[in-house]
Amino acid sequence: MEVLINSLLEELRNAKHTYKSYKEKIESLPKGSLQVKEINGSKYYYLVFRENGKYISKYLGKELPRKDIENYKHIKRQREAYRKAIRDLRKQIRFLERALNAKSVRDMLQDSKKV
Amino acid sequence: MQSQFEICYRILKKFKENKILDKLLLFGSWCGYYYKFYFQDENYTFQLQTRDMDFAIAIPPKIGVQIDLPSLLESLDFIPDTSISTRDVFLHPEIKVEFFVPLRGSKDKDSYYIKELNIKAGFLKHLDMLLDETITTVVDDLEIRLPNPIVYGLHKLIVSTRRRERGKTQKDTLQGLEMLSYLYKRGFSAEIQRRLYSLSRNKRRAIRKVTREFEIIEYPIIGLLQ
């Protein structure tokens with residue numbers, strides 16, 4: 001049982017560390033996502049994001065290099081993946097904390113500290 | 001939520017597509033799961049595994065292809081662990097991937113840069129033991145290299161003595177004992193003994209020391225290891 005509890009503790013430590021790393025990573029990504037508006041058959045590119053709760057739409061131009069469009073798409077995909085990772089990790093942490101917070105487990109951890 | 005098994009499989013598949021899978025040796029607790037495909041025995045139960053997926057690479061590395069492994073893992077939504085600067089560690093909600101090379105003698109640097117993979121691998125003692133004797137197991141269309149299970153069991157017992165945390169020592173010891181007990185029951189006692197005696201005296205002493213705490217009734221293999 002002690003091995004199992006120690007493994008759960010290690011998993012909790014790892015999950016918390018991974019959660020923090022994903023949070024940092026998502027914050028380091030460039031803000032905003034690309035929005036294309038089509039007016040009279042012409043495309044206009046905007047970078048949209050929120051700042052201090054305020055919706056901001058920044059005009060980027062009529063033409064945008066393909067490389068830049070791909071880059072914005074890539075960042076958007078990354079952001080979605082990282083958000084999902086953060087959600088999954090939150091669930092893991094909650095589960096592990098609950099498991100380790102059970103009275104019987106707490107008692108066992110207390111006993112092992114005494115030894 | 002993707003399962004750990006799915007993620008592991010996707011990593012291995014990606015490595016195969018990039019022609020590096022046969023250059024890497026999967027070791028650590030995930031071996032336990034993949035041995036089940038090698039033994040093909042329903043009585044075999046794999047041991048408790050953590051999120052750590054460790055790969056060993058022989059040095060000098062003979063990879064044969066040039067791959068940007070960090071980008072490859074990023075495409076599977078892994079992120080680099082920036083809290084560790086000495087070697088590369090890749091994080092995912094379900095799995096943590098690390099690469100290691102054998103440590104021979106004393107360590108004069110923190111990591112070993114593998115140019116072909118663009119990664120910094122960590123050093124680990126006694127890894128040569130695992131790299132020297134390997135087996136291959138087939139999972140779908142993947143050929144996965146694993147350490148010889150007897151050597152894996154003995155290695156777990158040896159490294160358990162080097163752990164600082166008591167919990168990790170216990171886990172390694174149990175994993176080693178479980179594996180060797182399973183092979184013992186399957187009639188590999190002569191082979192276990194042969195490999196045990198091929199180890200250095202220090203390693204044998206470490207095995208004796210760590211297994212002394214366990215009950216022979218629970219693990220009859222201890223009789224052979226003492």
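Visitor: Which residue meets the side chain of Arg77(A) in a salt bridge, and what is the N to O distance?

Guide: The model is predicted, so local features need pLDDT of at least 70 and side-chain atom pairs pLDDT 80 or more, whereas totals for chains, interfaces and linings use all residues. Residues are numbered from 1 along each chain as written, chains are lettered from A and ligands numbered from 1 in written order, and side-chain values use heavy atoms, without hydrogens or water.

The partner of Arg77(A) is Asp77(B), at 3.2 Å from N to O (a salt bridge puts a side-chain nitrogen of Lys or Arg within 4 Å of a carboxyl oxygen of Asp or Glu). Arg77(A) is partly exposed at 38% relative accessible area (buried is under 20%, exposed over 50%, partly exposed in between, with a 1.4 Å probe and protein chains only).

Helix α2, residues 66-101 of chain A, also holds Arg66(A) and Glu70(A), which are four residues apart and thus separated by about one helical turn; their salt bridge has its closest N and O atoms 3.9 Å apart. Arg66(A) is exposed, at 64%, while Glu70(A) is partly exposed, at 38%.

Elsewhere in chain A, Lys31(A) forms a salt bridge with Glu51(A), again with a closest N and O separation of 3.9 Å. Lys31(A) lies in the loop between α1 and β1 (33-39) and Glu51(A) in strand β2 (residues 42-51), so the pair ties together parts 20 residues apart in sequence. Glu51(A) is partly exposed, at 37%. Over all chains, the count comes to 20 salt bridges.

Terms used: Helices (H or I, at least four residues) and strands (E, at least two) are DSSP runs, numbered from the N terminus.
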